[in-house]
Amino acid sequence: MSYHIKQFQPGDIIFHGGDSSDCAYIIEHGQVEIFFQSDHTVIDILSEGELFGEMGVLDQSPRSTSARALTDLTLLEVKTQQITNRLTESDPIVKALVGVLLKRFRSMLPKQVISSGSNSLLDQVASVIEQAGLSKFKLESELSSAINNGEIQTVFQPICDIQSGRIAGFEALSRWTHPERGFISPVEFITLAEETDLIIEVGDLVFTRALEVLTQLPEHVFININVSSKQLDDERFLNRVLKKAKANGISPQRLKLEITETMVVDFKLAKQWLDKCRNIGFPVCADDFGTGHSGMEQLVELDFDVLKVDQVFIMNMFKNARYQTVLKSIASMAKSLGAQLVAEGVEDEPTCTALKALNFDFGQGYYFGKPMSEAEALKLQF
Ligand code: C2E
Ligand code: CA
Ligand code: CA
């Protein structure tokens, strides 16, 4: 998906009434005048942060109004497909609401649109939807540039052999430091990337960095990578990774794919993913194990190579004895089923000792090391 910035000078026409429409615009800087071409009536003057031209895009009708730059103007173009993709994926209630709003606005347009600035409930609802959507579109476009500008970095958090304390591998995690907004949590931007196809690009970036780092690490060290369902549904994705691994002389066994429990909604589909990854040679980990609703069923139905027990169990181990009881059962079941066990969120020595006693294989958490840059990771002792 591409994002376009367009520049205009005062008086430039952005579109005419009757033109066909394949995009809407968000005003980055400057002002726009919306008017009827027939009698030059000005309907609205819009400024920074506002959206226009969306109606034709949504219902595919020709532009009903014209738009002209009032000042020097910078616009962010939002393509029809971005809007229609969002609408297709949106909640049925939102879809219905947008449909109703559109119909009403269209029927009102010739006579009543001139009385803009009314404050009916309908306007307020429309404005709430619009504002939430606008900031998301903006972030989406910024994320797309960030991927291409190298603003998305990959950091590496050690995963240690819990018995010996030695580094066995790393988890690769994405970081985005926005030039103005600063650190943006991966929970926020990965969720956004997952709603669009940008997750494929973020994924390619992480895999590329991880493979590059693997070539500089000892043969026995692995890297875990988080993957999302969009990546696994994409036929070409795993083959692309495999090709890159081969080109770098890396065995696929050294790249472990983490799938979160919440992604496993459909066991048949999850089984297909696991088979696909296995056939290529990538081991698969159940991430955040124990937090979803299907933990036990997953253990029965899906043959994971590794279970990463969610940090909530580890962090509450000494606060509530019942967590320890559950951990004990998970550990013994995992062992009987032949899966390796990783504890996430290990923050202190007593926790590490207790996990050793429970026969965990690996530990990850601030006790062993925080996520760090590539250069820092490569300086560690293996
Ligand atoms: P996750 O996969 O469960 O990653 C572990 C998270 O726990 C990381 O947060 C890590 O920094 C944090 N963590 C590790 N050890 C400790 C500890 O001892 N104590 C505490 N309090 N926290 C610890 P982070 O980096 O903010 O990542 C959040 C989530 O974002 C990840 O959760 C993962 O689901 C997602 N994510 C991050 N990078 C990527 C990526 O490149 N692709 C995908 N698909 N998802 C990613
Ligand atoms: Ca993970
Ligand atoms: Ca996790």
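Mentor: The chain holds 14 helices and 17 strands, taken as DSSP runs (helices H or I, at least four residues; strands E, at least two) and numbered from the N terminus. This is a predicted model, where local features need pLDDT of at least 70 and side-chain atom pairs count only at pLDDT 80 or more, while totals for chains, interfaces and linings use all residues. Residues are numbered from 1 along each chain as written, chains are lettered from A and ligands numbered from 1 in the order written, and side-chain values use heavy atoms, without hydrogens and water.

Of the 382 residues, 46% are buried (under 20% relative accessible area, 1.4 Å probe, protein chains only).

Now the ligand. 21 residues surround ligand 1, each with a heavy atom within 4 Å of it. Gln157, Ser174, Arg175, Glu347 and Tyr366 are the closest. Strand β10 (167-178) is one of the elements that supply at least two shell residues. β10 gives the largest share, 4 residues. Helices α5 (186-195) and α11 (311-315) and strand β14 (284-289) also supply at least two each.

Next, the polar pairs (N or O atoms within 3.5 Å). The side chain of glutamate 347 places an N or O atom 2.5 Å from a nitrogen of ligand 1. Glu347 is also among the closest residues. Taken alone, ligand 1 exposes 800 Å², and the protein buries 83% of that (Shrake-Rupley method, 1.4 Å probe).

Key
Buried < 20%, exposed > 50% of the residue type's maximum accessible area, 1.4 Å probe, protein only. Polar contact = N/O pair within 3.5 Å; in protein donor to acceptor, adjacent residues only side chain to side chain.
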